[in-house]
2 protein chains.
Amino acid sequence: MSEQEDKMKISVEIYNRTYTIVGSEPKEQVEQVAQLVNKKMEDIHDANKHLDTTKLAVLTAVNTMNDYVKLKEEYNELLQLIEEDK
Amino acid sequence: MSEQEDKMKISVEIYNRTYTIVGSEPKEQVEQVAQLVNKKMEDIHDANKHLDTTKLAVLTAVNTMNDYVKLKEEYNELLQLIEEDK
């Protein structure tokens, strides 16, 4: 790949459909992320078998975003601790 | 609500559909998370107008999971810094 072209296309399978992910993340990371999303969709499906795939995917996004927001709070608390320690 | 029943049902609207979120998170947090997911779906739609809603939702989940994984790495690095400093 040329220096100008640092975006890559990576194909992953999630919930029986193929997705082309465009970005600058390493292939291994994209594949790991896809597996995590697939696993979370399966877990939510197991707990709510009546959900269609769109609702399942939206709830997976909500669930992950909630984890992100909580981790971000913890991250900011850690940062503050480090600042106070200086 | 009784002490035994600390799980709440909160209704939110994401991408023109209503979702009932069951959990112990505060209402404000659930609504904030739903807004963030809705915003990310709109952004991905703006960049890829041909995507159907399911693909859009899955890509939103992938995008959010990627942010989570990266933040988790940074969080662990901070933790390690604090440990080394002790």
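Biologist: How much area do chain B and chain A bury between them?

Modeller: Chain B and chain A bury about 3700 Å² between them. Of that area, 76% lies on carbon and sulfur atoms. Buried area is the accessible area (1.4 Å probe) that two parts lose on being put together, summed over both. Before going on, note that this is a predicted model: local features need pLDDT of at least 70, side-chain atom pairs count only at pLDDT 80 or more, and totals for chains, interfaces and linings use all residues. Residues are numbered from 1 along each chain as its sequence is written, chains are lettered from A in the order in which they are written, and side-chain values use heavy atoms, with hydrogens and water left out.

Biologist: How do I read a pair of packed helices?

Modeller: Two packed helices are described by the angle between their axes and the distance between the axes. Axes are lines fitted to C-alpha atoms, for helices over the stretch in contact, and angles run from 0 to 180 degrees between N-to-C directions. Helices (H or I, at least four residues) and strands (E, at least two) are DSSP runs, numbered from the N terminus.

Biologist: At what angle do α2(A) and α2(B) pack?

Modeller: The angle is about 20°, with the axes 8 Å apart. That makes α2(A) roughly parallel to α2(B). Angles under 35 degrees count as roughly parallel, over 145 as roughly antiparallel, 65 to 115 as roughly perpendicular and the rest as oblique. The residues of this contact divide into 20 nonpolar, eight polar and six charged. Ala, Val, Leu, Ile, Met, Phe, Trp, Tyr, Cys and Pro count as nonpolar, Asp, Glu, Lys and Arg as charged, and the others, Gly among them, as polar.

Biologist: Is the crossing of α2(A) and α2(B) left-handed or right-handed?

Modeller: Left-handed. That term applies if the near helix is turned anticlockwise from the far one by less than a right angle; clockwise gives right-handed.

Biologist: How do α1(A) and α2(A) cross?

Modeller: The axes of α1(A) (residues 27–47) and α2(A) (residues 53–85) come within 9 Å and cross at roughly 115°. The two helices are therefore roughly perpendicular. α1(A) passes α2(A) in a right-handed crossing. Residues of α1(A) in the contact include V37(A), M41(A) and I44(A). Among those of α2(A) are L56(A), L59(A) and D67(A).

Biologist: And in chain B?

Modeller: The axes of α1(B) and α2(B) come within 9 Å and cross at roughly 115°. This crossing is right-handed.

Biologist: How do I read the charged pairs?

Modeller: Side chains of opposite charge can pair when their charged atoms come close. A salt bridge is a side-chain nitrogen of Lys or Arg within 4 Å of a carboxyl oxygen of Asp or Glu. Four lie across the interface of chain B and chain A.

Biologist: Where does the pair of R17(A) and D52(B) sit?

Modeller: R17(A) is in strand β2 (residues 17–23) of chain A, and D52(B) is in the loop between α1 (27–47) and α2 (53–85) of chain B. Their N to O distance is 2.8 Å. E25(A) forms a salt bridge with K70(B), with the closest N and O atoms 3.2 Å apart.

Terms used
Contact means heavy atoms within 4.5 Å.
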